[in-house]
Amino acid sequence: MLLANARLPHCPTPVDVAIEHGRIAAITPAAGRSGLDLGGALLLPSFVDGHVHLDKTLWGLPWRPNSGAPTVRERIAFERTHRRTLPPVSERGANLLRQMIACGTTALRTHTDIDDAYGLANFHATMELKQLFAAQADIQVVAFPQSGILTRPGVAELLAEALRQGADFVGGLDPASIDGDAKGHLDIVFGLAQRFDRGIDIHLHDRDAAGNAQLRDIAARTIAIGMQHRVTVSHAFSLGTADESDFAHTADALAAAGVHILTSSPSAGIVPPVLALRARGVVIHAGSDNIRDLWNALGTGDMLERALIIALKQGFRSDPDIETALALCTDAEALGLPAHRLVVGASADLVALDAETPGEAVALRPVRKLVMKGGVILAREGRYIAR
Ligand SMILES: [Zn+2]
């Protein structure tokens, strides 16, 4: 296949991109060859959503008013009450996957709720989606204890069973504030990771010094069991602290341990500072988190929109900074996957859209003319066409 008359970021002259066996085989100056004419569209690496909840979404259903519960604990309770009325995960999750792919995402990590009310039902449905969409998206599944571990008898055993059945990561949730025993919670999570040789991805909403102390504990535990670059902390709001020395101390511990930070950049409250963390060597990448579900009525699964939200929240104005926001949304390596790159030899995982530069793509979020994974076209003109 030849993608003719396309443009690469920071390259003013149009190029032709030859694709063979799913990989970029050659990139040459455009020469009027016959192929799929992209009309000078900009190519970007396909997007990576590092944190989503496929099993929670209401995507494709009639609009459902959200209660807007103010705390994490109240949102958990609201979801546990209303979830039984929803259609199956297989339907809702597939709706969202098609939407995400149409927007240009071809790799994602989804947290799937495992608790005493639902057992492994959400996990099994999510694993089926992973299999069904395997050719279209690299999907990592996190066994996520949404209602806690220690406070919910039987959940630790359910997490172990999910890992035995193929979950890619073990999750955790606010070890101190939800389970009330940071050490006990982390002992279980790190113990399971070691026992099954899987990575870790922990939701940590706790703010201020208490949150940063847990981050340093997680960093120390990561080094202790040799899991550098296999542990992610999602949200980590405490890194937005105004205490410079606490920030520096914590960021250095995360960098030394190769603990990655995932941000969805919520509009309210403090968030991890992207540039300051990168300057200290911490890997920070991005995800959507809740997309139109019982936690949050908003979200579209479009990682260009996520890049814009990050840029706005971080106060980014320059093109290099806006491109950094976009880089957080294409970082497959942060998930332990092969990098998404527009170079010869790389897998042909790419997006084409009408924009002059990556900065303009983030600013205007134009329709995706083409979405491709492994040389296979998944979406055209914003529409999912893969199946
Ligand atoms: Zn989440």
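Analyst: A crossing of two helices is called left-handed if the near helix is turned anticlockwise from the far one by less than a right angle, and right-handed if clockwise. The model is predicted, so local features need pLDDT of at least 70 and side-chain atom pairs count only at pLDDT 80 or more, while totals for chains, interfaces and linings use all residues. Residue numbers start from 1 along each chain as its sequence is written.

By that wording, α6 passes α7 in a left-handed crossing (helices are DSSP runs of H or I, at least four residues, and strands runs of E, at least two, numbered from the N terminus). Helix α7 covers residues 244–257, and its axis lies 9 Å from that of α6, at an angle of about 25° (axes are lines fitted to C-alpha atoms, for helices over the stretch in contact, with angles from 0 to 180 degrees between N-to-C directions). That angle makes α6 roughly parallel to α7 (under 35 degrees; over 145 is roughly antiparallel, 65 to 115 roughly perpendicular, the rest oblique).

On the α6 side, the contact involves Ala209, Asn212, Leu215, Arg216, Ala219, Thr222 and Ile223, which meet Asp246, Thr250, Ala253, Leu254, Ala256 and Ala257 of α7 (C-beta atoms, placed from the backbone, within 7 Å). Sorted by class, these residues comprise 8 nonpolar, 3 polar and 2 charged (Ala, Val, Leu, Ile, Met, Phe, Trp, Tyr, Cys and Pro are nonpolar; Asp, Glu, Lys and Arg charged; the others, Gly among them, polar).

Helix α6, residues 208–224, is also among the elements that cover the buried residues of α5, together with α4, β8 and β9. Those buried residues of α5 include Leu186, Ile188 and Phe190 (20 or more other C-beta atoms, placed from the backbone, within 10 Å of a residue's own; 12 or fewer is exposed, in between partly exposed). After α5 comes aspartate 197, with a positive phi near 55°.

How values were computed: Two residues are in contact if their C-beta atoms, placed from the backbone, lie within 7 Å.
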